[in-house]
Amino acid sequence: MNIEVRYLSKSGNTKKVAEAIAETLNVAAKPITEPVSPDTDLLFLGGAVYAFGIDEGLKAFIHNLSGVKAVAVFSTTAVVKSAYSHIKPLLDAKDIAALDAEFHCRGAFKFLHKGRPNADDLKRAGEFARTVADLHKGR
C-alpha cells in the first residue's frame, strides 16, 4: 500500500503533526509543494483554518490531486474545531474519498494554546495514523 503525507503549515504546528504521522508510518512528511504519486492509496493531508477558511495554496493542491484513492485529514487550529469541514467538500468534488476518521488538535497561536501540539497530541496523531492505515489495508 502506497501511503503519503502532505501538509501546509504556516506556524509549524501542522508540520509537527505531519512528522509524527509520517514517523509512525515510516514515510516522509512533505509540504504540499511536493507532488503526490499518482498511485497513492492513502494520503494523510494536513492543514489549518486561517481566518475561518483554509489557505488558497491548500485549495489549489487539492484541486490538482489525481490518482489518490483516499485521504485522511488532520489539522491543527487555535479557535475552530478542525479543517475537515473545509477540506472534505473539495475532495468530494474531485471524487476522492475523504475518510470519516480525522485527527485534530490545538495549535499554538499568539497567546492561545502555548506548547501545543504537545507530546500527548503527537502520540495521539501517531496512533490515529496507525489505526487508519491498518483499517485501510483491507480495502
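Let's start at a pairing: Glu4 stands opposite Leu43 in β3. Some ground rules. This is a predicted model, where local features need pLDDT of at least 70, side-chain atom pairs count only at pLDDT 80 or more, and totals for chains, interfaces and linings use all residues. Residues are numbered from 1 along each chain as its sequence is written, and side-chain values use heavy atoms, with hydrogens and water left out. Helices (H or I, at least four residues) and strands (E, at least two) are DSSP runs, numbered from the N terminus.

Back to β1, residues 3-7. Strands pair if DSSP finds at least two bridges between them. β1 has 5 bridges to β3, residues 42-47, and the two run parallel. It has 3 bridges to β2, residues 29-31, also parallel. There, Tyr7 has Pro31 as its bridge partner.

How enclosed is β1? Buried means under 20% relative accessible area, exposed over 50%, partly exposed in between, with a 1.4 Å probe and protein chains only. 5 of the 5 residues of β1 are buried, so the strand is largely enclosed by the rest of the structure. In a regular strand, side chains alternate between the two faces of the sheet. Here, Ile3, Val5 and Tyr7 are buried on one side, Glu4 and Arg6 on the other.

Next, the connection. β1, α1 and β2 make a right-handed β-α-β unit. Right-handed means that, with the strands pointing away from the viewer, the path from the first strand over the helix to the second runs clockwise. Buried residues of α1 include Val17, Ile21 and Leu25. Just after α1, Asn26 takes a positive phi of about 60°.

Now the aromatics. Rings of Phe, Tyr and Trp (its six-membered ring) pair if their centres lie within 6.5 Å; planes under 30 degrees apart count as stacked, over 60 as edge-to-face and the rest as tilted. That gives 2 aromatic pairs. Phe44 and Phe128 have ring centres 6.0 Å apart and planes at 85°, so this pair is edge-to-face. Phe44 sits in β3 and Phe128 in α4, residues 119-137, 84 residues apart. Phe103 and Phe128 are tilted: 5.9 Å centre to centre, 35° between the planes. Phe103 belongs to β5, residues 97-106. Phe44, Phe103 and Phe128 form one aromatic cluster.

Last stop, Ser82. It lies in the loop between β4 (70-77) and α3 (84-93). Its relative accessible area is 10%, so Ser82 is buried. Its side chain makes a 3.0 Å polar contact with the side chain of Glu102. Polar contact means N or O atoms within 3.5 Å; within protein, one must be able to donate a hydrogen and the other to accept it, and residues adjacent in sequence count only if both atoms are side-chain atoms.
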